[in-house]
Structure formats: C-alpha cells, structure tokens
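Here is a short briefing on one protein model. Look at the structure first, then work through the points below.

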Amino acid sequence: MNRIISIVMSIAAVVFGVVFAVSGIKTVSEKDLYDTQIKATVVDVQEEWESSADPDQPDSLVNTAYIDYEVNGKKYEHVLSPEQDESLKIGDTVDILVQSKNPEKISALNPSKGGVIFIVLGVLVAIAGCVSVIKAFIRKG
C-alpha cells in the first residue's frame, strides 16, 4: 500500500511540475504582449485573516489591493492589483503593464521574472517526481 501511495504522489509531483513549467513558459512567452506601462491608483485595500497551514504558526492578516486605471479613455475599476505589497494604501499609485490590444489584461512590471521562477520550480519538481517514480518501480516490495 505504501508503494502505491509513493507512486501516486510521485506521479502527482510530475504532473504539478509540468503544469508549473508550462504556466511559466506561457507567462514568459506573453511578456511582450504587455507593451504599455501606466500608473494605476489603489482604490481599495481589503484585510482578511489567513489561516496558517502550520498549527504552530499564528494566523496572519493579509492585505489585498484593488486598483483603478484608464487606457484610451476607458476606465477599468476595482481590479485586483498585480502588485501586492503590505504597505499599499488607498490613494497610492502603482506602475503596471497593460496589453495595448487588450487593456483589461494587466501585469506587474516584470512578468517574466515570475514566469522564470515557475519554470525552474516546475522542472525541479517534475525531475524529483520522475526520480521518485523510477525508485518506486525499482524498489522491491
């Protein structure tokens, strides 16, 4: 039974690794679509308590910022900000990137940074999952 659980968990690691890597590749490949830098205004900051996954760690207060911005005379209101910083307050301005052909699509200033992190983590998790699958099949039991 432990061997089956090990194999299933290893395969899940491979799948999640591939999904992370593909997501990162998609982000990096689309970075050039975000071609216009604009300023957006923080219009709302919502505070929520987030439960810790570790019972020994305390819950934490998390701020989520929402922004308004305008492109070519069209206003986009109360949009989840791609920049989340605990110090953001209502009235602050943040620099964001938009797609000039599709201005409701927004990004933080360096979208490829997050994409590269996803690619690296995805590949590492997928490799670890593959190694674990191979070990699980080789192991006698």
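Leaving aside neighbours within four places in sequence, Gln99 is in contact with Leu33, Tyr34, Asp35 and Lys105. Keep in mind that this model is predicted.

**Gln99**
- Gln99 sits in strand β4, which covers residues 93–99.
- Gln99 has 9% relative accessibility, so this residue counts as buried; the cut-off for buried is under 20%.

**A nonpolar patch on the surface**
- Ten names make up this list: Ile11, Val15, Val19, Phe20, Val116, Ile117, Phe118, Val120, Leu121 and Leu124 form a nonpolar surface patch.
- Together they have about 860 Å² of accessible area.
- Two or more residues each come from α1 (2–29) and α2 (111–138).
- Helix α2 gives the largest share, six residues.
- Val15, one of the patch residues, is found in helix α1.
- Val15 counts as partly exposed because its relative accessibility is 46%, between the limits of 20% and 50%.

**Aromatic pairs**
- How many aromatic pairs are there? The count comes to two.
- Phe20 and Phe118 form a tilted pair, with 5.3 Å centre to centre and 50° between the planes.
- Phe20 lies in helix α1 and Phe118 in helix α2, so this pair ties together parts that are 98 residues apart in sequence.
- Phe20 is partly exposed, at 36% relative accessible area.
- Phe118 is partly exposed too, at 39%.
- Tyr69 and Tyr76 form a stacked pair, with 4.9 Å centre to centre and 15° between the planes.
- Both Tyr69 and Tyr76 are buried.

Terms used: Residues are numbered from 1 along each chain as its sequence is written. This is a predicted model: local features need pLDDT of at least 70, side-chain atom pairs count only at pLDDT 80 or more; totals for chains, interfaces and linings use all residues. Side-chain values use heavy atoms; hydrogens and water are left out. Helices (H or I, at least four residues) and strands (E, at least two) are DSSP runs, numbered from the N terminus. Buried means under 20% relative accessible area, exposed over 50%, partly exposed in between (1.4 Å probe, protein chains only). Contact means heavy atoms within 4.5 Å. Patches are made of residues with over 30% relative accessible area and no salt bridge: like charges are joined within 9 Å, nonpolar side chains (Val, Leu, Ile, Met, Phe, Trp, Tyr) within 5 Å. Accessible areas come from the Shrake-Rupley method with a 1.4 Å probe; for residues, only the protein chains shown count as cover. A salt bridge is a side-chain nitrogen of Lys or Arg within 4 Å of a carboxyl oxygen of Asp or Glu. Rings of Phe, Tyr and Trp (its six-membered ring) pair if their centres lie within 6.5 Å; planes under 30 degrees apart count as stacked, over 60 as edge-to-face and the rest as tilted.
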